[in-house]
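Here is a short report on one protein chain. Look at the structure first, then read on.

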Amino acid sequence: MPKASPFDLVVVDEAAQLEECESLIPLQLPGVRHAVLIGDECQLPALVKSRVCEDAEFGRSLFERLSSLGHPKHLLDVQYRMHPGISKFPVSIFYESKISDGENVLHRDYERKPLAGPMYGSYSFINVEAGKESTGKHIKSLMNAIEVAAVARIVQRLFKESVETGKKLCVGVGVVSPYKGQVRAIQEKLGMAYETHPGFSVKVRSVDGFQGAKEDIIIFSAVRSNSNGSVGFLSNRNRTNVALTRAKHCLWILGNATTLASTKTIWREIVADAKERGCLFNANEDKELNSAIIKAVIELDEVDDLLKMDSLRISGSRFGKSKAKY
């Protein structure tokens, strides 16, 4: 087998998502004189499952190390994906306002109004106060059945508006959540309903699964809804940055504003920013959305009641048998 010719230049894409030891492998190739690392340390790093390894910073990339040491880097300072209403917050918070919007996203034609009403503009935080976080049925991951119902109704309306009305608009919808339990619950709720219609697509994935992807409309389900302001790993800034930068024309965040605003995390800033910009809406302000939420709340309460009644029947029958036996 002939030997490969020496490489003068090595280009490492997604370098910020690669462990440092992995980056060193191509740099050992004979003849390498220059290396170009392309990546974004403000988005998701390499996945390290071991807490010990994570604490030892084994997940740190060579890109991040060089950046932390002050090595000069070139910032691609124009973004061509997000509508300015979407890019405003992440550019300001994560990139120190050093990135500007491209001419294409500033053009009037880039703005889309897929659904009527200010709640469904280019950027909005839809406050779902009635949400209830719980552990999923199949995996030990959080889900929120009320937000599942809200997401399903919004997707249904988008489908009706783009397909059933005869407008034949090409719409790509991404539904994103940080929790696998919520992703699975939404997938089960939507089923196969939207998979056979050309021009309309729905992808449901975790935040990690959406890194590098983009869609016309992103619906983000935050899941967390509790009285103690606990948000868990939702507070991760890198993961939040990924979630907020996947949409091209519309980004709609569904979450409990009270829970998220009561934390000392990036989400307090997100809620405050949405409120200041007039982009924070209560879900009950939309009749169809409110109807779907009320229905989900009723169904959820009925299931809980049935489970309690079944538990009492089983316990009662066992006690009855015990008394009869003794």
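Helix α4 buries Gly85, Ile86, Ser87, Phe89, Pro90, Val91 and Phe94. Buried means under 20% relative accessible area, exposed means over 50%, and partly exposed lies in between (1.4 Å probe, protein chains only). An α-helix has 3.6 residues a turn, so residues three or four places apart point the same way. The cover over the buried residues of α4 includes β3 (78-79), β4 (100-101), β5, α9 (237-244), β11 and α11. Just after α4, Glu96 has a positive phi of about 55°.

This is a predicted model, where local features need pLDDT of at least 70, side-chain atom pairs count only at pLDDT 80 or more, and totals for chains, interfaces and linings use all residues. Residues are numbered from 1 along each chain as its sequence is written, and side-chain values use heavy atoms, without hydrogens and water.

The protein chain holds twelve helices and twelve strands. Helices (H or I, at least four residues) and strands (E, at least two) are DSSP runs, numbered from the N terminus. Of the 326 residues, 41% are buried. The chain exposes about 18,900 Å², and carbon and sulfur atoms supply 54% of that area. Such areas come from the Shrake-Rupley method with a 1.4 Å probe. Take the contacts between residues at least 6 apart in sequence: 78% join residues at least 24 apart. Contact means heavy atoms within 4.5 Å.

Six strands form an open sheet in the order β9-β8-β10-β11-β5-β12, with parallel pairing. Strands pair if DSSP finds at least two bridges between them. At the edges, β9 (200-206) and β12 (280-282) each pair on one side only. From one strand to the next, the twist averages 20°. Strands β10 (residues 215-221) and β11 (residues 247-255) run parallel and are joined by six bridges. Glu215 stands opposite Ala247 in β11.

Which helices pack here? Two are listed below. Axes are lines fitted to C-alpha atoms, for helices over the stretch in contact, and angles run from 0 to 180 degrees between N-to-C directions.

For Cys53, the nearest cysteine sulfur is that of Cys21, 9.8 Å away. Cys53 counts as partly exposed because its relative accessibility is 25%. Cys42 is partly exposed too, at 22%.

Terms used. Disulfide = S-S within 2.5 Å.
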